[in-house]
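I set out to record what I looked up in this model, entry by entry. The notes go from the separate chains to the contact between them.

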Amino acid sequence: MIQDYLILSVILFCIGILGVVSRRNVLIVFMSIELMLNAANLAFIAFSRFHVSMDGHVLAMMVMAVAAAEAALALAVVILLHRHKGKLDTNVFSLLKG
Amino acid sequence: MFAEWLFTGFSILSVLGAIGLVIFRHPMNGAMSLVITMISLAGLYALLSAKLIFAIQLIVYAGAIMSLMVFIIMFLNVQTEDLPEEKNRFLYLFGGAVVLAPVFFFLKKVVTSLPGSEATIVGGGFGGVKEVGLVLFRDWLLPFEIVSILLLVALVGAVLLAGKRRMSQ
């Protein structure tokens, strides 16, 4: 029963990693990171339901707050990079290359 | 029985939405697929009797964060010809899947070897606003304050980044 939820969480996490490593569109990469955070949240909620303790709910809320902060900052950075380079390709954003 | 059917439907929907996010070329299609994943995950939270998290998932994730995402995609006015050339993306996806398969099977083995805990009946107040709030402000007060500072820092940073002017002008 709990194993089904955890396996679903692992599947979603692996799809998120796949999106991060194989796509070049920076918005898709960002949304894949959100997907990985959601998979972690599902594991938190499943564990807290099956151990009948509500600490997992609090941790999931904190993950959501961190995701909201990350969304605000990352999208501001994406807008700046798009204004600077005019592209959404992660290969173009190699400004720190020595 | 009904709960198992709901679990099957929501999990299939969420996995399909995630695959759509990875496969679609245009970020708007990907964002719509991710909204499907978020909403079906909210249904799974409701199945796990996490009432507050269900509401927060719908309002914050599927509502606020994804509408911000869609707003940014429309603000940047992304056309199909502006997107990066990703001719080899199915090849990369296949290679990534081959690399990730051992990780997936390892995690699956770890997860299935957990001591099996069947679902017990929980009280009607489990996961409600009052109970989660009591846990939050009693046991997790310091992390809560740190998260508030983090949100303040993110707010200041977003204003600073968005309001940046060219130094030469």
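This is a predicted model: local features need pLDDT of at least 70, side-chain atom pairs count only at pLDDT 80 or more; totals for chains, interfaces and linings use all residues.

The entries below cover each chain, a few single residues and the interface.

**Entry 1. Chain A overall.** I looked up the secondary structure of chain A and found 3 helices and 0 strands. From the N terminus on, its elements run α-α-α. I then looked up the radius of gyration of chain A, which is 17 Å, well over the 13 Å that the globule rule gives for 98 residues, so chain A is more spread out than a compact globule. The C-alpha trace of chain A spans about 50 × 25 × 20 Å along its principal axes. I recorded 51% of the 98 residues of chain A as buried. Of the contacts in chain A with a separation of 6 or more, 44% are between residues 24 or more positions apart.

**Entry 2. A buried residue in chain A.** I selected A:Ala39, which is found in helix 2 of chain A. Is A:Ala39 buried or exposed? I counted 25 C-beta neighbours inside 10 Å, and the cut-off for a buried residue is 20 or more, so A:Ala39 counts as buried. Leaving aside neighbours within four places in sequence, I found A:Ala39 in contact with A:Ser9, A:Leu12, A:Phe13 and A:Gly16. I also looked up the pair A:Ala39 and A:Val10, which are 29 residues apart in sequence, with 7.0 Å from C-alpha to C-alpha.

**Entry 3. Chain B overall.** For chain B I found 6 helices and 0 strands, in the pattern α-α-α-α-α-α along the sequence. Chain B is divided into domain 1 (2-123) and domain 2 (128-169). The centres of these two domains of chain B, taken over C-alpha atoms, are separated by 25 Å. The radius of gyration of chain B is 21 Å, whereas a compact globule of 169 residues would have one near 15 Å. I recorded a box of roughly 65 × 40 × 30 Å for the C-alpha atoms of chain B, taken along the principal axes. Buried residues make up 20% of the 169 residues in chain B. Among contacts in chain B between residues at least 6 apart in sequence, I found that 58% join residues at least 24 apart.

Entry 4. I looked up two residues here. In chain A, phi of A:Val52 is near 45°, a positive value in a residue other than glycine. A:Val52 is found in the loop between helix 2 (26-50) and helix 3 of chain A. A:Val52 has 13 other C-beta atoms within 10 Å and is therefore partly exposed. In chain B, B:Asn77 has a positive phi of about 55° although it is not a glycine. I located B:Asn77 in the loop between helix 3 and helix 4 of chain B. With 8 other C-beta atoms within 10 Å, B:Asn77 is exposed.

**Entry 5. The contact between the chains.** How many residues does the contact take from chain A and from chain B? I found 58 residues from chain A and 71 residues from chain B. On the chain B side, helix 1 (2-23), helix 2 (27-47), helix 3 (51-76), helix 4 (89-112), helix 5 (129-139) and helix 6 (141-162) each supply at least two residues.

**Entry 6. Helix 3 against helix 3.** The axes of helix 3 (residues 55-85) of chain A and helix 3 of chain B come within 11 Å and cross at roughly 5°. Angles under 35 degrees count as roughly parallel, and these two helices are therefore roughly parallel to each other. The residues making the contact include A:Met61, A:Met64 and A:Leu75 of helix 3 of chain A, and B:Ile56, B:Tyr61 and B:Leu68 of helix 3 of chain B.

**Entry 7. Helix 1 against helix 1.** I found that the axes of helix 1 (residues 2-22) of chain A and helix 1 of chain B come within 9 Å and cross at roughly 10°. That makes helix 1 of chain A roughly parallel to helix 1 of chain B. Among the residues in this contact are A:Asp4, A:Leu8 and A:Ile15 of helix 1 of chain A, and B:Phe7, B:Ser11 and B:Val15 of helix 1 of chain B. By class, the contact has 11 nonpolar, 3 polar and 1 charged residues.

Terms used
Residues are numbered from 1 along each chain as its sequence is written. Chains are lettered from A and ligands numbered from 1 in the order in which they are written. Two residues are in contact if their C-beta atoms, placed from the backbone, lie within 7 Å. Helices (H or I, at least four residues) and strands (E, at least two) are DSSP runs, numbered from the N terminus. Domain bounds come from an automatic or database domain assignment. The radius of gyration is taken over C-alpha atoms; the globule rule is 2.2 Å times the number of residues to the power 0.38. A residue is buried if 20 or more other C-beta atoms lie within 10 Å of its own, exposed if 12 or fewer, and partly exposed in between; C-beta atoms are placed from the backbone. Axes are lines fitted to C-alpha atoms, for helices over the stretch in contact, and angles run from 0 to 180 degrees between N-to-C directions. Angles under 35 degrees count as roughly parallel, over 145 as roughly antiparallel, 65 to 115 as roughly perpendicular and the rest as oblique. Ala, Val, Leu, Ile, Met, Phe, Trp, Tyr, Cys and Pro count as nonpolar, Asp, Glu, Lys and Arg as charged, and the others, Gly among them, as polar.
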